[in-house]
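Student: Hi, I have a protein open on my screen and would like to talk it through. Could we start with its surface?

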Amino acid sequence: MRRWLARTSLALPLVGLLMIAMAVPTTAQESPEVVAPTRVNLVTPYIGVAVEPGETASFTLDVTAPRGEVVELEVADLPDGWSADIRGGGFVVDRVMVDAGLSHNLKLEVDVPESATEGKYQVTVVAAGEVSTDRLVLDLMVAQTVGGGVSLDAEFPALRGPSDVEFSFNLELTNETPEEVQFGLQGEGPSGWQVTARPSGQTRASSVTVAAGSSERVTVEVDPPDFTPAGTYSVLVRAAGGGETAATELTVEITGNYELALVTPDERLNLDVEAGQATELPLVVVNEGTAPLTDVSLSATPPRGWEVTFAPESLDRIEPGASAEVTATITPSGEAIAGDYRLTLRTTVAETSDSVELRATVKTSGIWGLVGVGVIAVALSALAAVFRRFGRR
């Protein structure tokens, strides 16, 4: 019994020491080893997508292998009438070199024909290495209306104004595809129109990169010719890249610009008048704008005591590029003395006006000249009679 107690008393400290050693963590632990792939592996972030007939479904592909080796790529189980390509670096590829540090940036593009009916389809991608093979099965749900893709939407798709101003539209380009896409921007308008599409905040760029699930602002500037007739015009804007295309139609309503001119038929700006006598002056009102002119009125600012009237007094409407004839009757004051006078003739519409300044030369009437001659003759005769009478004395 004593021997057993002695052995037990010796064993208990040893057991305690062992338990303490197991409870204390080691200060130097080995880091876990990176496990290298043991076979060819082919993956993509999204293995099931929805697509509309006539559209293209895109998948990013990543391939790895246990060592540096050549991997064969193939698209299998493709539905009838469908087509697909694997692209990398801008090329259609079917073999890649897999090794550490190599980035392939592979993309699978599946073209769905417009004749495809709604339903679920499968496409298989095969990656065959030297010692192993991997198969990636992708599900494509074909539907007539599918959300996602890319879209181009205008904040205000219709603007209006005269043709001598530049119209600016703000658009939102949204990329709801699973990858970043660089879009080229293009605008088309009627013949002679200048349409520029660019990323907002840029002046010369014609393309924009949009990350997956993000959007970017696009500015479209439309400059119609200055004499574009009034009417409604359409402008088409496209954004295309990465197998995706988005388009939107913008509307510009030209109200026309208002411009008129008041001229004389021979472009002379001077005339001869007589005091107290009416003189007619032909005038032409020309519509040099692109919008009709309505309620055209005529007025004058003559010297004091003069009178100016117009026939007709007003014009109801003048079409763009057309003209109308008006006669101004100018009557100087009866007390006007000979000399040059200035008067202003004016034509006005609600939107604009024009004026012409004339020089009117008042000449002495011929009758008054004869009267003057008669007065002089009488004076000379009277003077001669005086000389004859008093000369004899």
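Tutor: Let us begin with a term: accessible areas come from the Shrake-Rupley method with a 1.4 Å probe. For this protein, which is a predicted model, the accessible surface comes to about 23900 Å², and 51% of that belongs to carbon and sulfur atoms.

Student: OK, and how many helices and strands does the protein have?

Tutor: The protein has two helices and 28 strands.

Student: What share of the residues is buried?

Tutor: Buried residues make up 33% of the 393 residues in the protein. As for contacts between residues at least 6 apart in sequence, 67% of them join residues that are at least 24 apart.

Student: Switching topic, how many cavities of 30 Å³ or more turn up in the whole structure?

Tutor: The search finds one cavity of that kind, and about 40 Å³ of space lies in the largest cavity.

Student: Which residues line the largest cavity?

Tutor: Its lining is made of Thr44, Pro45, Tyr46, Ser58, Phe59, Thr60 and Pro178.

Student: Why does Glu130 count as exposed?

Tutor: Glu130 counts as exposed because its relative accessibility is 52%, and exposed means over 50%. Arg67, by contrast, is partly exposed, since its relative accessible area is 40%.

Student: Which residue does Arg95 form a salt bridge with?

Tutor: Arg95 pairs with Glu72, and their closest N and O atoms are 2.9 Å apart. This pair also links distant parts of the chain, with Arg95 in strand 7 and Glu72 in strand 4, 23 residues apart. Arg95 is exposed at 51%, whereas Glu72 counts as partly exposed at 37% relative accessibility.

Student: And what about Arg198, is it buried or exposed?

Tutor: Arg198 is buried, because its relative accessible area is 13% and buried means under 20%. Arg198 forms a salt bridge with Glu221, where the closest N and O atoms are 2.9 Å apart. Arg198 lies in strand 15 and Glu221 in strand 17, so the pair ties together parts that are 23 residues apart in sequence. Salt bridges that share partners also join Arg87, Lys107, Glu109 and Glu179 into one network.

Student: Where does Glu216 lie?

Tutor: Glu216 lies in strand 17, which runs over residues 214–223, and at 33% relative accessibility Glu216 counts as partly exposed. Not counting residues up to four places away in sequence, Glu216 touches Leu171, Glu172, Leu173, Val208, Thr209 and Val210.

Student: Last one, where is Ser333, and which residues is it in contact with?

Tutor: Ser333 lies in the loop between strand 26 and strand 27, and at 16% relative accessibility Ser333 counts as buried. Leaving aside neighbours within four places in sequence, Ser333 is in contact with Ala275, Gly276, Arg304, Gly305 and Trp306.

Definitions and conventions. Residues numbered from 1 in each chain as written. Predicted model: local features only at pLDDT ≥ 70, side-chain atom pairs only at ≥ 80, totals over all residues. Heavy atoms only, no water. Helix = DSSP H or I, 4+ residues; strand = E, 2+ residues; numbered from the N terminus. Buried < 20%, exposed > 50% of the residue type's maximum accessible area, 1.4 Å probe, protein only. Contact = heavy atoms within 4.5 Å. 1 Å grid on protein atoms, 1.4 Å probe; cavity = no way out; pocket = protein on both sides within 12 Å on 5 of 7 lines; lining within 4 Å. Points joined across faces, edges and corners; volume = space filled by probe spheres on them. Salt bridge = Lys/Arg side-chain N within 4 Å of Asp/Glu carboxyl O.
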